[in-house]
Amino acid sequence: MDTFPVKRKRGRPPKSQSAGYQDTRQALIGVGLAALTEKGYSYTGLDEILRQAKVPKGSFYHYFDNKEAFGKALIEAYGLFFANKLERSLADSSLTPLARIQGFVEDAKLGMEKFDYRRGCLIGNMGQEMAALPESFRGLLSDVFRDWEARIARVLEEARQAGEAPEHLVPEQMAQFFWIGWEGAVLRAKLEQSSQPLEQFTNGFMALVRGC
């Protein structure tokens, strides 16, 4: 849901993993992330990615063994990118715990609006495609969700300790609920080209957290 920074390099790939090699590999990953957040893994062709990254056709396998290896690299890169995005809001100690979660939501709304609701969540997109994807992706996708859940659970525990949420709140359960609902809200926002589903889910989630 954001712009993925990349450095693009023209020309033939170098023979060693030099700075130029890494730049071109990152260019492929950056273009791949943008494409998969919009269209998904199954509907994104390598030719399209190579053309946008300005990498000569036929050079792809110098950087990745195959499309499955490329997909794994994209999952890892997006998981890290989004974890950093989350932490920009969740680690803001100037806000109350629940206000930090709300801050993430507001940032996500702006990100979807920026790209006219064409882009969603790469992890959610690939999860929906799982029946057609390599089985090796399943565990990687689950691990990313667990990492995101742990970050939300940490802030919900802070909310419980600060009195923003009741003592009997179970942060881990509510964090799982958050991501299950959030991914559905992102899908609906793309469908309706509106942030209203994100707002509706978040309002319901916050009411549940405060009153559960």
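Where is the place of Thr44?

1. Thr44 sits in the loop between α1 (19-39) and α2 (46-53). Keep in mind throughout that this is a predicted model. With a relative accessible area of 3%, Thr44 is buried, because the cut-off for that label is under 20%. Its side chain reaches the backbone oxygen of Gly40 at 2.6 Å. Apart from neighbours within four places in sequence, Thr44 is in contact with Ala35, Leu36, Lys39, Ile49 and Lys67.

2. Helix α7 covers residues 136-162, which makes 27 residues. At 1.5 Å a residue it should span 39 Å, and its end C-alpha atoms are 41 Å apart, so the two values agree. Just after α7, Gly163 has a positive phi of about 85°.

3. Which residues of α7 are buried? They are Phe137, Leu141, Val144, Trp148, Glu149, Ile152, Ala153, Val155, Leu156, Ala159 and Arg160. Note that Glu149 and Arg160 are on that list. As a reminder, an α-helix has 3.6 residues a turn, so residues three or four places apart point the same way. The cover over the buried residues of α7 includes α4 (67-90), α5 (97-114), α6 (122-128), α8 (171-192) and α9 (196-211).

4. Asp143 also lies in α7, but at 42% relative accessibility it counts as partly exposed. The side chain of Asp143 makes a polar contact with that of Arg146, at 2.5 Å. Between Asp143 and Gln200 there are 57 residues in sequence and 27 Å in space, C-alpha to C-alpha.

5. The largest nonpolar core has 64 residues, and Trp148, Leu156 and Trp182 touch the most other members. Helix α4 gives the largest share of this core, 10 residues. Not counting residues up to four places away in sequence, Leu156 touches Leu98, Ile101, Leu169, Pro171, Met174, Ala175, Phe205 and Val209.

6. How do α5 and α7 meet, and at what angle do the axes cross? The axes come within 8 Å and cross at roughly 145°. On the α5 side the contact is made by Pro97, Leu98, Arg100 and Ile101, and on the α7 side by Ile152, Val155, Leu156, Glu158 and Ala159. These residues divide into 7 nonpolar, no polar and 2 charged.

Technical notes: Residues are numbered from 1 along each chain as its sequence is written. This is a predicted model: local features need pLDDT of at least 70, side-chain atom pairs count only at pLDDT 80 or more; totals for chains, interfaces and linings use all residues. Side-chain values use heavy atoms; hydrogens and water are left out. Helices (H or I, at least four residues) and strands (E, at least two) are DSSP runs, numbered from the N terminus. The expected span of a helix is 1.5 Å times one less than its number of residues. Buried means under 20% relative accessible area, exposed over 50%, partly exposed in between (1.4 Å probe, protein chains only). Contact means heavy atoms within 4.5 Å. A polar contact is a pair of N or O atoms within 3.5 Å; within protein, one must be able to donate a hydrogen and the other to accept it, and residues adjacent in sequence count only if both atoms are side-chain atoms. A nonpolar core is a set of buried Ala, Val, Leu, Ile, Met, Phe, Trp, Tyr and Cys residues joined through side-chain atoms within 4.5 Å. Axes are lines fitted to C-alpha atoms, for helices over the stretch in contact, and angles run from 0 to 180 degrees between N-to-C directions. Ala, Val, Leu, Ile, Met, Phe, Trp, Tyr, Cys and Pro count as nonpolar, Asp, Glu, Lys and Arg as charged, and the others, Gly among them, as polar.
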